[in-house]
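This report is meant for a reader meeting the structure for the first time. Please look over the sequence and the model before reading on.

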Number of protein chains: 2
Amino acid sequence: MTHTEKTAGQQGSGRQGSGQQKPDHRTADETAVPSPSRRSLIGWGGAGLAIGAVAAGGAVAALRTGDDSAPVAESGAAVPFHGAHQAGIATAVQDRLHFASFDVTTTDRAELIQLLKDWTAAAALMTQGHTVGDGAYGGLPEAPPDDTGEALGLKPSRLTLTVGFGPGLFEKGRFGLEGRRPEALVDLPEFPGDNLEATRSGGDLCIQACADDPQVAVHAIRNLARIGFGKIAIRWSQLGFGKTSSTTPNAQTPRNMMGFKDGTRNISGTDTAALKQHVWAAEKDGAAWMTGGSYLVARRIRMHIETWDRASLQEQEDVFGRDKGEGAPVGKAKERDEPFLKAMLPTSHVRLAHPDSNHGIRILRRGYSFTDGTDGLGRLDAGLFFLAYQKDTRQGFIPLQRGLARHDALNEYIQHVGSAHFAVPPGVRDKSDWWGRALFT
Amino acid sequence: MTHTEKTAGQQGSGRQGSGQQKPDHRTADETAVPSPSRRSLIGWGGAGLAIGAVAAGGAVAALRTGDDSAPVAESGAAVPFHGAHQAGIATAVQDRLHFASFDVTTTDRAELIQLLKDWTAAAALMTQGHTVGDGAYGGLPEAPPDDTGEALGLKPSRLTLTVGFGPGLFEKGRFGLEGRRPEALVDLPEFPGDNLEATRSGGDLCIQACADDPQVAVHAIRNLARIGFGKIAIRWSQLGFGKTSSTTPNAQTPRNMMGFKDGTRNISGTDTAALKQHVWAAEKDGAAWMTGGSYLVARRIRMHIETWDRASLQEQEDVFGRDKGEGAPVGKAKERDEPFLKAMLPTSHVRLAHPDSNHGIRILRRGYSFTDGTDGLGRLDAGLFFLAYQKDTRQGFIPLQRGLARHDALNEYIQHVGSAHFAVPPGVRDKSDWWGRALFT
C-alpha cells in the first residue's frame with residue numbers, strides 16, 4: 001500500500017474507538033467541549049511504541065447548549081466538528097488563522113470525492129485534538145507517519161476547519177458539476193481600485209483553519225495538503241496573526257492594523273435569527289445542496305500603513321467615523337452607542353458600511369490582520385485578510401463593496417490585492433457524512 | 001514641528017510620570033513583572049480626550065530575583081527593559097516573533113544616534129505595556145498619533161525588544177565606526193549548501209521582537225520602523241508563529257515543523273555560569289563596548305516539508321537521532337536522557353550538534369517556526385527561522401555549522417536561504433542610557 005493510498009479517511013474509521021462515536025449525533029456545532037491536550041494523548045507510547053493516539057478520544061465529552069450557541073470557550077478546548085452548519089463561521093472567532101486555497105490537479109471525480117472523504121475524517125480528528133490516522137510515530141517504521149507531528153503536545157485550541165468550493169470546481173468537463181453551481185456563487189465583479197494578483201486570488205477549494213494557537217492551525221492545513229498530495233496543489237495561503245472581528249456579543253472589538261476598532265455591529269454567533277436571515281443559505285436561495293451552508297468572500301486588503309501613520313489623528317478619525325481611543329461613533333461616548341450617520345462625513349467608513357445605508361445588508365465578518373515581510377520598497381506588507389460569510393453574496397458583499405469601493409475615504413490607504421469566492425457547504429452531520437456529500441450524490 | 005522631528009525619544013521624557021522612574025536602576029533584566037494591560041490604560045480617556053496613557057505606568061512594580069534569572073512568567077506580564085544585558089536573550093522564550101532587519105539610509109551620524117535614543121525610549125515604554133509618546137489618540141488632532149494604536153487593550157505579553165548592529169554600520173566613510181567593529185563580527189563564511197537570497201540576508205540594524213501575543217510584537221516593530229522614517233528602511237522582516245526552543249530548565253522542548261523536538265540541551269536562561277561561558281561577550285573578547293553583549297546569527301532555513309512528509313518514520317528518526325514521539329536519543333527512553341553518541345549514525349543531527357562532537361561548543365537558541373504562504377510551486381514556504389546567541393561567533397555558530405553543513409543527514413530536507421550576523425550590545429542600564437551608547441561615545 002503506498003502512502004497516497006493510505007490516507008486518513010481510509011484508516012480513520014478503525015482508529016477512532018468507541019468513545020469517539022458519541023459526539024456524532026450532536027447538532028450543536030458551536031459548543032466548545034473541554035478536551036485533553038494532545039500532550040496527554042502521547043504519554044502512553046514510550047519511545048517509538050505503536051500506540052494509536054486517537055484511542056484516547058473516548059475522553060471527549062459533549063456539552064450541549066443548543067444550535068448556533070457560541071459561548072466563549074476556554075482557549076484550549078475543542079469545538080465540535082459535526083453539526084448542521086460547519087464550525088468556523090458562527091463559532092466565537094479564534095485568535096489565529098491559516099487559510100489555504102487549492103487548485104485541484106486530479107481530473108478524476110472519484111479521486112476528488114475520496115479526497116473530500118479523507119479530509120473530513122482527518123478534520124474530525126484534528127479539531128478534537130487528535131493526530132491524523134496512526135499519528136506521528138504509531139505506524140510502521142518503513143512508512144511515513146500519518147501525522148506530521150508538530151502539534152503533538154498542543155491542546156485542541158478551538159481549531160475549526162471550514163471547507164469551501166470555488167467556481168472552478170463547477171466548470172464544464174471537469175467533475176460533472178456544471179449543473180450544480182449555485183447562482184449565488186457568481187464571478188465577483190471588478191470593483192474600482194481593485195489591484196488583484198492572480199497568485200493571491202481564486203482557487204477550486206479552500207480550507208479556513210482558525211485556532212487560538214497558530215501552530216495548531218498551520219499543522220491542520222499542512223496535513224490536509226499532505227493528504228491531498230497528487231490530487232491538489234496549494235495555490236496560495238495566508239497566515240493571520242490577530243483577529244479583527246468578534247462574533248461574541250458585547251466582547252471587545254479587536255483593533256485592526258490601522259489601530260481602529262471596526263465591525264462593532266458584527267453578527268453575533270449566538271444570534272440565531274440574524275444568522276438565519278443573513279448567513280445560512282436556505283433551500284429557496286438556490287442550490288438545494290447548499291442548504292445550511294454559506295458563501296465566503298476572502299479579500300487580501302493591503303494597508304498602506306506608512307502613509308496612514310503619517311495622517312493626522314483628525315483625518316484618521318474622519319475616515320472611520322469613530323474616535324481612535326474608545327471606538328465610539330462621531331459625537332457619541334461609547335463604542336456600541338448607535339451611530340448618528342448624518343453627523344458623519346458621507347465618505348466615512350462607518351456610515352458607508354452601516355446597514356441603514358445599505359438596505360439592511362449585514363454580513364458576518366471574521367477577518368485577520370496579516371504581516372508578510374516586506375514589499376521590496378522598505379515597507380511592511382501588512383493589512384487585513386477580510387473574510388465575510390453571507391447567505392447570498394449578490395445581496396451581501398457585492399452591493400456593500402460597490403458602495404465602499406466608490407466612496408469610502410479609507411480607499412486612500414488600502415488596496416484590495418487578492419480575492420476569492422467560495423460556496424461553503426453545510427456541516428457534516430455525522431460520521432457517515434462528509435464534506436460536500438450532497439453536491440456529489 | 002514636523003512629525004519626523006516629534007519622535008518618541010524627544011517626547012517620552014515628559015510623559016513617563018514619576019511612577020515609571022522606579023524600574024530604572026534594576027539590574028535584573030530577566031524578571032517578569034505583572035503589569036496592567038494596555039486596555040486598563042485607556043479606559044480613562046473617553047471619546048477623543050487627550051489623556052496620556054503612559055501616566056498609568058506608576059502601577060508597574062518591580063519584582064527582583066537577581067541577575068540572569070528567567071522565571072517562567074505569566075504570559076501577560078512585562079519583562080523589565082533595563083539591565084546589564086538586553087532582554088530577549090536569556091529571557092524565557094516567548095511564543096511569537098517579529099524580526100526586522102533595516103538598512104540605514106541616513107548618512108548622518110547624529111541622526112543615527114538620535115534614532116537609537118528614540119528607539120530606546122519607545123522600547124522602554126512598549127515593553128512595559130505602554131503606548132509610545134502621547135499614545136494613539138492623546139495628541140493634537142492635527143498631528144499624527146505617536147502610537148499606531150493596534151496594541152491598545154493588549155497586555156505587555158512579555159514583549160522584549162533586542163537591537164543588533166550589522167557589519168555595514170562599521171564600514172569606512174559611513175558613521176566613523178570603522179575602528180570599532182568587533183573582531184567577532186566577522187563576515188560569515190559561505191557554507192556548503194547555502195542558497196542565500198540577498199533580500200532575506202544582512203542589514204545594518206536589527207530588532208528582534210518577541211512576545212506571547214503576535215500583535216504586540218508586530219506593533220512594536222511597526223512603531224520602531226515608523227519612528228525611523230526617513231533614516232532607515234526595512235530590508236526584510238520575518239514573522240515566527242511558534243517557538244522551537246526553550247531557555248527554561250526542564251520545560252517541554254517545543255516541536256519544529258518536522259514534528260521533532262530539537263535543542264533539548266539548550267542553554268538555560270537561569271544558568272548564569274553557562275551564560276557567562278558561552279553567551280555574554282566579555283571585555284577580553286574584543287571590543288570593550290560589547291562587554292555584556294552577545295553575537296546573534298539569524299538564518300532563514302527553508303524546510304522541504306513535502307519531501308520530509310514522505311520520508312519513513314525510520315528515516316526521520318535516523319536523521320535526527322531521536323524518536324519522534326518522546327524525543328529520546330537513540331536507544332534511550334526519555335528526551336533528557338544523555339545521548340550515547342556512538343549508537344547514532346555519524347550523520348545524525350543530535351550527534352553532529354552535540355557539544356561532545358564540537359569541543360564543548362554551546363550556543364543559545366531561540367528560533368521560531370515560520371510559514372510564509374507558498375513558493376509558487378504548490379508548496380508551503382515553511383521552515384525554521386534560526387536565532388542563536390553566543391559570546392563569539394568564531395567559536396560558536398561558525399565551527400558548528402561547518403560540521404553540520406558537511407555531514408548532517410538533515411541537509412537533504414533543508415536549505416539555508418537567509419543569513420545575517422549582528423553585534424548585540426549590552427543592556428540599557430537606566431533612563432540616561434541608550435542602545436549602543438558605549439559604541440558612539
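Helices, of at least four residues, and strands, of at least two, are DSSP runs that are numbered from the N terminus. The model described here is a predicted one.

## Confidence in the prediction

For the complex, the predictor gives an ipTM of 0.86 together with a pTM of 0.87. Chain A has a mean pLDDT of 85, and 83% of its residues reach 70 or more.

Two stretches of chain A call for caution. Over residues 1–36 of chain A the pLDDT stays under 50, and the model has 113 contacts beyond four places in sequence for this stretch. Over residues 39–72 of chain A the pLDDT likewise stays under 50, with 101 contacts beyond four places in sequence in the model. Where pLDDT is low, the predicted coordinates should not be read in detail.

## Where the two chains meet

In the contact between the chains, 59 residues of chain B touch 60 residues of chain A. On the side of chain B that touches chain A, the elements giving two or more residues are helix 4 (214–227), strand 4 (232–240), helix 7 (313–320) and strand 8 (368–374) of chain B. Sorted by kind, the residues on this side of chain B comprise 24 nonpolar, 23 polar and 12 charged.

## Helix 9 of chain A

Helix 9 of chain A, which spans residues 397–407, has A:Phe397, A:Leu400, A:Gln401 and A:Leu404 as buried residues. When the helix is seen down its axis, these buried residues fall within an arc of 90°, so they line one face of helix 9 of chain A. Among the elements of chain A that cover the buried residues of helix 9 are strand 6 (294–303), helix 8 (349–353) and strand 9 (380–390).

## Two residues with positive phi

A:His359 is a residue other than glycine whose phi has a positive value, near 55°. A:His359 lies in the loop between helix 8 and strand 7 (364–365) of chain A. Is this residue, A:His359, buried or exposed? A:His359 is exposed, because 8 other C-beta atoms lie within 10 Å, and a residue counts as exposed with 12 or fewer.

In chain B, B:Arg158 also is not a glycine, and its phi is positive at about 55°. The loop that holds B:Arg158 runs between helix 3 (109–127) and strand 2 (160–165) of chain B.

Methods
Residues are numbered from 1 along each chain as its sequence is written. Chains are lettered from A and ligands numbered from 1 in the order in which they are written. This is a predicted model: local features need pLDDT of at least 70, side-chain atom pairs count only at pLDDT 80 or more; totals for chains, interfaces and linings use all residues. A residue is buried if 20 or more other C-beta atoms lie within 10 Å of its own, exposed if 12 or fewer, and partly exposed in between; C-beta atoms are placed from the backbone. The arc is that of the directions from the helix axis to the C-beta atoms. Two residues are in contact if their C-beta atoms, placed from the backbone, lie within 7 Å. Ala, Val, Leu, Ile, Met, Phe, Trp, Tyr, Cys and Pro count as nonpolar, Asp, Glu, Lys and Arg as charged, and the others, Gly among them, as polar. pLDDT is the predictor's confidence in each residue, from 0 to 100.
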